[in-house]
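Subject: Structure handover and notes

Dear colleague,

I am handing over the structure below, together with some notes for a reader who is new to it. Please keep the sequence and the 3D view open while you read.

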Amino acid sequence: MSQSNNDILLAISTPPFWHCGRTIRQNSLHTLLALAPAAALSLIQWGVPAARVMALSMVAAIVTEAVCQILMKQKLSQDNGTAAVTGLALAFLLPASAPWWLTLIAAVCAMGVGRMAFGGYGANQVNAALVGWALVFVSFPIPMDPNAAVLHTSLADPLFRAKFFGGAAAADFPLADLLLGRQLGGLGATQTGALFLGGLYLALRGVIRWEIPCAFLAGTFLVASAFHLADPELYAGPLFHIFSGSTVFAAFFLATEDSCCPHRRLPMTLYGLTGGALVMLIRVFGVYADGAPFAVMLINLLAPMFALIRSHPFGTGPRKAKRTSDNEGRARS
Amino acid sequence: MNRFMQELTKGLWKELPPFRLLLGLCPVLAVTKSASSGVGMGMAVLFVLTLSNMLSSMVRNVIPSKVRIACFITISATLVVAVELLMQAYAYPLYLQLGIFVPLIVVNCIILGRAEAFAAKNPVHLAIADGIGMGLGFTMSLTFLGSIREILGAGTWFGHPVMWDGFQPFAVMVEAPGAFLCLGLTLAAMNYGTHRQLMKKSRESAELPAASPCGGCRACALGRDKD
């Protein structure tokens, strides 16, 4: 090899590959667009405090990424928008009453510990926004609790009601209210209707794979139905659990981060189903009212295991490309 | 004497037990909730390690090599019981704080590791130097981790408040995840420093760093130069 070729590095990545003409920048712009209706609704509902949290979180995430990239002597990549998406996703999980230092710590931890410590975008094992959220959620339970008095609202947290007053209390929350985000919780993650539409847009555009959110919601639905059928007085119905808290947000926006999820149909389905089931298990048996973010972190960590399922290289192995999920292919391989 | 100093100082940085050798991680993760318990645990290990190294080295030519592991364990178990009783007598609050991790020093990898890898092959004075060096390194590391976790997680250092008024303690740091987080970030920082030193050395002498974990292809350095 001649001297001039020395600085051309061969980038090797593993299959499967997805062909699409898009760039990371376009993907994050689509994601921001999909998050926009929920952001607008939360602005209408919470007003200035929500705008404050979202703006601070995004700015802190972008600045942290830039500082880390300068320190790590990497090329600055703020223009691809991934830091902004992470910052906004993090803000969606925080309550609108979050003090500024809480938002700042969460955003800095999300980008610093959650992403840049692993080497940058695409190298993180666990969704970066969730790392920031989990650190502040475990550390500062009191400011992380959405405070109805500070926010001048009479809304209640449906999951707290369901957890502490039984499933019958879930009847206080009509489905339309849940869909329109009239519930206390993360400032954007509770706008389930808008997030659902945004998620559908992303799935139709192919920015995220539809299998993961479908399987995630299906998992929640199945396990919630099982609990509900066993004791309707104690456990709320499946639709309540899907549209309360951050289940929809987790299914469409958190579980689908490209570096943290498997990429073939069967592993993606299992990944989603596990996540959805975990949401319900944490909600029913765990100490926290909303299990969705923790469930996503757990399946993120399990993603390499899921990726091992039927991992034949392209063109080899007993299965044909089309038979990825049907029973015949499973029996043969 | 030169060799003596060398064995004494290697445990302080070059072979720092928890961070370089990754030995004895159980107490490192479990009892570093505060700087003082880190120091206490470190001192206990220092005491046991030095004496067990000395005794193992003294008996190394007497015991048959087939049963040497059992003998080393017996020696360290005896010493640990002594430490436990001394602690109960003279440092009872510390004993309560450390709890089960004092008896667990017996199965600490460092004790057996140093006895097997060093004391069983070297004369007594070198074994003592090795034990003191490793023990001091262990104490240092535990105090370091304990300080970080205590300052961030409780806002105090050795029980004295050091942060400003209204400081909100970062509670996750004194929980179990905080221990893993601190240890991981510390290891990453140390690896980064070592890697940089190797790179610098290789650039100066234009030789490949043989000890570099990636085999030293210099690709990373070239990519970085490009940017």
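This is a predicted model: local features need pLDDT of at least 70, side-chain atom pairs count only at pLDDT 80 or more; totals for chains, interfaces and linings use all residues.

**Chain B in outline**

Chain B holds 10 helices and 2 strands, and when its elements are read from the N terminus they run α-α-α-α-α-α-α-α-β-β-α-α. Of the 227 residues in chain B, 36% are buried. If one takes the contacts in chain B between residues at least 6 apart in sequence, 71% of them join residues at least 24 apart.

**Two helix pairs in chain A**

The pair to look at to begin with is α13(A), residues 265-285, and α14(A), residues 292-307, which pack with their axes 9 Å apart and at an angle of about 150 degrees. Because roughly antiparallel applies to angles over 145 degrees, α13(A) is roughly antiparallel to α14(A). The crossing of these two helices, α13(A) and α14(A), is right-handed. On the side of α13(A), the residues that make the contact include Pro267(A), Leu270(A), Tyr271(A) and Thr274(A), while on the side of α14(A) they include Ala292(A), Phe294(A), Leu298(A) and Phe306(A). Sorted by class, the contact of α13(A) with α14(A) has 16 nonpolar residues, 2 polar residues and no charged residues.

The other pair is formed by α10(A), residues 211-230, and α12(A), whose axes come within 8 Å and cross at roughly 155 degrees. The helices α10(A) and α12(A) are therefore roughly antiparallel to each other, and their crossing is right-handed. Here Pro213(A), Phe216(A), Leu217(A) and Thr220(A) of α10(A) meet Thr247(A), Ala251(A) and Phe252(A) of α12(A). By class, the contact of α10(A) with α12(A) consists of 5 nonpolar and 2 polar residues, with no charged residues.

How many of the residues of α12(A) are buried? In this helix, which spans residues 247-254 of chain A, 8 of its 8 residues are buried, and the helix is thus mostly covered.

**The nonpolar cores**

In soluble globular proteins, nonpolar side chains tend to be buried together. The largest nonpolar core in this model has 96 residues, and Leu90(A), Ala106(A) and Ala110(A) are the ones that touch the most other members. When residues up to four places away in sequence are not counted, Leu90(A) touches Ser57(A), Ala61(A), Ala106(A), Ala107(A), Ala110(A), Ala129(A), Gly132(A) and Trp133(A). A second, separate core has 37 residues, including Ile110(B), Ala115(B), Ala129(B) and Ile151(B).

**Two buried loop residues**

Val207(A) lies in the loop between α9, residues 192-205, and α10 of chain A, and with 21 C-beta neighbours inside 10 Å it counts as buried. Leaving aside its neighbours within four places in sequence, Val207(A) is in contact with Asn27(A), His30(A), Thr31(A) and Leu202(A).

In chain B, Lys33(B) is found in the loop between α3 (25-30) and α4 (35-58). By contrast, Lys33(B) and His125(B), which are 92 residues apart in sequence, are 35 Å apart in space from C-alpha to C-alpha.

**Two positive phi values**

Most residues other than glycine have a negative phi. Leu22(B), although not a glycine, has a positive phi of about 55 degrees; Leu22(B) sits in the loop between α2 (17-21) and α3 of chain B and is partly exposed, with 13 other C-beta atoms within 10 Å. Phe158(B), not a glycine either, has a positive phi of about 55 degrees. The place of Phe158(B) is in the loop between β1 (156-157) and β2 (160-161) of chain B, and Phe158(B) is partly exposed, with 14 other C-beta atoms within 10 Å.

With kind regards

Terms used:
Residues are numbered from 1 along each chain as its sequence is written. Chains are lettered from A and ligands numbered from 1 in the order in which they are written. Helices (H or I, at least four residues) and strands (E, at least two) are DSSP runs, numbered from the N terminus. Axes are lines fitted to C-alpha atoms, for helices over the stretch in contact, and angles run from 0 to 180 degrees between N-to-C directions. Angles under 35 degrees count as roughly parallel, over 145 as roughly antiparallel, 65 to 115 as roughly perpendicular and the rest as oblique. A crossing is left-handed if the near helix is turned anticlockwise from the far one by less than a right angle, and right-handed if clockwise. Two residues are in contact if their C-beta atoms, placed from the backbone, lie within 7 Å. Ala, Val, Leu, Ile, Met, Phe, Trp, Tyr, Cys and Pro count as nonpolar, Asp, Glu, Lys and Arg as charged, and the others, Gly among them, as polar. A residue is buried if 20 or more other C-beta atoms lie within 10 Å of its own, exposed if 12 or fewer, and partly exposed in between; C-beta atoms are placed from the backbone. A nonpolar core is a set of buried Ala, Val, Leu, Ile, Met, Phe, Trp, Tyr and Cys residues joined through C-beta atoms within 7 Å.
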